[in-house]
Amino acid sequence: MRKVKKTAKKKASAKKKVAKKKVARKAVAKKRSKRIRCMAKTKDGKQCKRFTDGKSKLCSVHKKK
């Protein structure tokens with residue numbers, strides 16, 4: 001009987017952990033969706049792969065120029 005109770009408690013705690021991870025993943029996804037790519041062009045003519053701080057259209061590297 002004791003083993004059955006322990007496994008039920010473990011399963012319940014595991015479900016809570018999974019639920020917390022899902023909430024955390026959604027929060028990270030929201031933050032990523034607000035990120036804006038840098039609008040500067042590289043020497044090759046391609047768009048810069050870095051992201052802005054959200055206040056301007058350029059990343060920290062291209063702001064200095």
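Me: Is Cys 59 buried or exposed?
Reply: This is a predicted model, in which local features need pLDDT of at least 70 and side-chain atom pairs count only at pLDDT 80 or more, while totals for chains, interfaces and linings use all residues. Residues are numbered from 1 along each chain as its sequence is written, and side-chain values use heavy atoms, with hydrogens and water left out. The classes are buried (under 20% relative accessible area), exposed (over 50%) and partly exposed (in between), with a 1.4 Å probe and protein chains only. At 1% relative accessibility, Cys 59 is buried.

Me: How many disulfides does the count come to?
Reply: A disulfide needs two cysteine sulfur atoms within 2.5 Å. The closest cysteine sulfur to that of Cys 59 belongs to Cys 38, and at 3.7 Å it is too far for a bond. For Cys 48, which is buried at 5% relative accessibility, the closest cysteine sulfur is in Cys 59 at 4.0 Å, again too far. The count of disulfides is zero.

Me: How many helices and strands are there in the protein chain?
Reply: Both are DSSP runs numbered from the N terminus: helices are H or I with at least four residues, strands are E with at least two. Helix H1 covers 2-33 and helix H2 covers 60-63, with a loop between them. The totals are two helices and zero strands.

Me: Which residues does Thr 52 touch, not counting residues up to four places away in sequence?
Reply: Thr 52 sits in the loop between helix H1 and helix H2 and is buried, at 12% relative accessible area. A contact means heavy atoms within 4.5 Å. With the sequence neighbours up to four places away left out, Thr 52 touches Ile 36, Arg 37, Cys 38, Lys 57, Leu 58 and Cys 59.

Me: Which residues does His 62 touch, not counting residues up to four places away in sequence?
Reply: His 62 belongs to helix H2. Its relative accessible area is 16%, so His 62 counts as buried. Leaving out residues up to four places away in sequence, His 62 touches Cys 38, Ala 40 and Cys 48.

Me: With which side chain does the side chain of Ser 60 make a polar contact?
Reply: Ser 60 is in helix H2 and is partly exposed, at 43% relative accessibility. A polar contact is a pair of N or O atoms within 3.5 Å; within protein, one must be able to donate a hydrogen and the other to accept it, and residues adjacent in sequence count only if both atoms are side-chain atoms. The C-alpha atoms of Ser 60 and Arg 50 are 8.7 Å apart, across ten residues of chain. At 3.3 Å, the side-chain partner of Ser 60 is Arg 50.

Me: With which residue does Lys 63 form a salt bridge?
Reply: A salt bridge puts a side-chain nitrogen of Lys or Arg within 4 Å of a carboxyl oxygen of Asp or Glu, and the count comes to one. Lys 63 is partly exposed, at 40% relative accessible area. With the closest N and O atoms 3.0 Å apart, the partner of Lys 63 is Asp 53. Lys 63 lies in helix H2 and its partner in the loop between H1 and H2, so parts ten residues apart in sequence are tied together by the pair of Lys 63 and Asp 53.

Me: What percentage of the 65 residues in the protein chain do buried residues make up?
Reply: Lys 49, in the loop between H1 and H2, falls outside that class because its relative accessible area is 72%, which is exposed. Of the 65 residues in the protein chain, the buried share is 9%.
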